[in-house]
Amino acid sequence: MSTTIAAISTPQAAGGLGVIRISGDDAILIASKVFRSKTGLELSRLQGYRATLGIIEENGEAVDEAVCLVFRAPRSYTGEDVVEFSCHGGLFVLQRTLRALFNAGAVPAQPGEFTKRAFLNGKKDLTEAEAVMSIISAQGEQAAKAALNALDGALSKKIKEINDILIGLCAHLSAWVDYPDEEIEELADGDISESLSTARSELDGLLSRFDAGQAITEGVNTAIVGRPNVGKSTLMNMLSGYNRSIVTSVAGTTRDVVEETVRLGDVILRLADTAGIHETDDTVESIGVDMAKQKLERADLVLAVFDSSQELTDEDEAILSYCKGKRSIAVINKTDLERCLDENKIRQITKNVVEISAKNNDGYEKLKNTVEALLGTDELDTASAMLTTERQRASVVKAVACIDEALAAFKMGMTLDAVNVSVDCAVEALLELTGQKASEAIVDEVFSRFCVGK
Ligand code: GDP
C-alpha cells in the first residue's frame, strides 16, 4: 500500500489559480476529509475525470472555494488515485489547505515524487520522466517541441527499436551457443555484423545531435572576448536587449562572477563571467588578453569581438590565436564607422565572420544564423528522437563501446559466446537509459532534480 502524498504543484507565489495535488491509495478518502461538495456529493462516489465545486475546510472552518478533480487508478498521472484541488491562488490559503491535508493523513511529497510514482507504476519510462523537467524548463520554441516529443516517447521508441535489434541478435546467439544439438539456424556472418552496424549507426545519430539539443535546452557556455573598447558590453546589451525577460544573474560565491543567460533565436547562450566584460573598460590592456585566455578555456562557443574602425593590434592577434581549434565566431563590430580593419588575417583563422554594429542593433539576424549553423541547431529536427541529458548520453556512449567490442570480437573470429557477452552489455546500457534496468541510485538522482509538486 502506498502512502498518500500531497503538495502544492503551482509556483510558490500568488497567482490566478493554485493547484494542490494528492496521490496515493487514500487520496480520495483524505481529500473528502477537507472538502465538502456544494451539491452534497460524496467524493468517494465521484467517477474518474469528474470535477465538483465545493468548500475546503480546516477544523470546520471554511478556507477556500475550490474545484475538486478526481482521477481513479490507474488512469491518472501517477497511476494511483489522484485528487487535484484548483484553489484561488493565494499562497496563504494554499498552505492552509495543504496543512489540512497533512492533518487528515497525507504526507509531504518529495521533489519529483509524483513523476517518480508515475515511473514506478509504469506510466512513464525514465526518458519520459526527464522530459517532464525539460518541458518545465524549456525556454524556446524548439526546446519545448523537443521536450514534448520526448514526453510522447520519441526517444523511448527509438531506443526500443535499437534494442529490439540487439535483443533479437542476443537471443539467436544464445540459443545457438546454448543448444548446439538443436537445429537452430546459424546466423550468417553478414547478418550479425549488419545488425550490429545498424544499431551502432542509429546510436551515432543520437550522439551527433546531442550538442545541438543541449544548445537549445541547457545552453552553451559562451565567452565574449576581445580587447577593451571593441564593444563587448554593447554586444552583451544587444543580445540581452532582445530577450531581456529571460536574462538572469547568478551571483558567484568566491568572487564576483556573474552569469547571464540570453536567447539567440532558439539557442541559449550562457555568458559566464560577464563581470569581467564590464570591468575591462578601466583595466590595463594586458588583462583583457589574460581574461580572454581563461574564459576561452572554459567556453564551448567563443564570440571574439574586433573593432572594424581600427587596425588589428597585437592584442587582437593574440586573441585570434587562442580561437584556433575552438568553436568560434569573429564578430567585427562598429561597422557604422569608417573601416580600417583588414579582415584577411581574421578569415585565415576562422571562416565564421559576422559584421555587426552593436550600438545600432545591426547584425543580430546574421549573428543568430551563424551561431545556429555552427551549433547545428538550424538543422535540428525536433520531431526526431533526441538525447536531452548527460545521463542519457552516457548510456548511449556505453552501448556504442559495447557494440564496438562485439564487432571487434566478431571480426577477430572469437567465439559467438564472446560476441554475445558484448551485445548483452549494450542491451543493458540501453535498458538503463529507459529505466527498465536502472539502479535505485540512478532513479533517485534523476528525480532529485525535480521540483516539489511535479
Ligand atoms: P568593451 O570594453 O569591449 O566592453 O566595449 P564597450 O561595449 O564598452 O564599448 C566601447 C565603446 O565603443 C563605447 O563608447 C561604445 O558606445 C562604443 N561602441 C560599441 N559598439 C559600437 C558600434 O557598433 N558602433 C560604434 N560607433 N560605437 C560602438
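This is a predicted model: local features need pLDDT of at least 70, side-chain atom pairs count only at pLDDT 80 or more; totals for chains, interfaces and linings use all residues.
Just after helix α12, residue G325 takes a positive phi of about 80 degrees.

Side chains of opposite charge can pair when their charged atoms come close. The side chains of D316 and R227 meet in a salt bridge, with a distance of 3.0 Å from N to O. Since D316 lies in helix α12, whereas R227 lies in the loop between β8 (220-225) and α9 (232-242), the pair ties together parts that are 89 residues apart in sequence. With a relative accessibility of 1%, D316 counts as buried, and R227, at 7% relative accessibility, counts as buried as well.

In total, the structure holds 26 salt bridges. Among them is the one between D307 and K334, in which the closest N and O atoms are 3.3 Å apart. This pair, too, links distant parts of the chain, for D307 belongs to strand β12 (residues 301-307) and K334 to the loop between β13 (328-333) and α13, at a separation of 27 residues. Another salt bridge is formed by E372 and K368, where the closest N and O atoms are 3.7 Å apart. Because E372 and K368 are four residues apart in helix α14 (residues 364-375), they are separated by about one helical turn. Both E372 and K368 are buried. Elsewhere, salt bridges link E58, E61, R96 and R99 in a network.

Strand β4 (residues 50-58) and strand β5 (residues 61-71) run antiparallel and are joined by nine bridges. Along this pairing, T52 has C68 in β5 as its bridge partner. The two strands form a hairpin with two residues between them, and N59, which lies in the turn, has a positive phi of about 50 degrees. Strand β5 also pairs with strand β6 (residues 82-88), again in the antiparallel sense, over five bridges. Here L69 has E84 in β6 as its bridge partner.

The structure holds four aromatic pairs, one of which is formed by F35 and F85 and is stacked, with 5.5 Å from centre to centre and 25 degrees between the planes. This pair links distant parts of the chain, given that F35 is in strand β3 (residues 35-37) and F85 in strand β6, 50 residues apart. Both F35 and F85 are buried. In another pair, the rings of F447 and F450 have their centres 5.2 Å apart and their planes at 45 degrees, so this pair is tilted. F447 is buried, with a relative accessible area of 2%, and F450 likewise counts as buried, at 6% relative accessibility. Ring pairs link F447 and F450 with F119 into a cluster.

Two further sites complete the description. The loop between α13 (344-349) and β14 (353-355) contains N352, which is buried, with a relative accessible area of 16%. Although N352 and L374 are 22 residues apart in sequence, the distance between them in space is 8.3 Å, C-alpha to C-alpha.

Technical notes: Residues are numbered from 1 along each chain as its sequence is written. Side-chain values use heavy atoms; hydrogens and water are left out. Two strands pair if DSSP finds at least two bridges between them. Rings of Phe, Tyr and Trp (its six-membered ring) pair if their centres lie within 6.5 Å; planes under 30 degrees apart count as stacked, over 60 as edge-to-face and the rest as tilted. Buried means under 20% relative accessible area, exposed over 50%, partly exposed in between (1.4 Å probe, protein chains only). A salt bridge is a side-chain nitrogen of Lys or Arg within 4 Å of a carboxyl oxygen of Asp or Glu.
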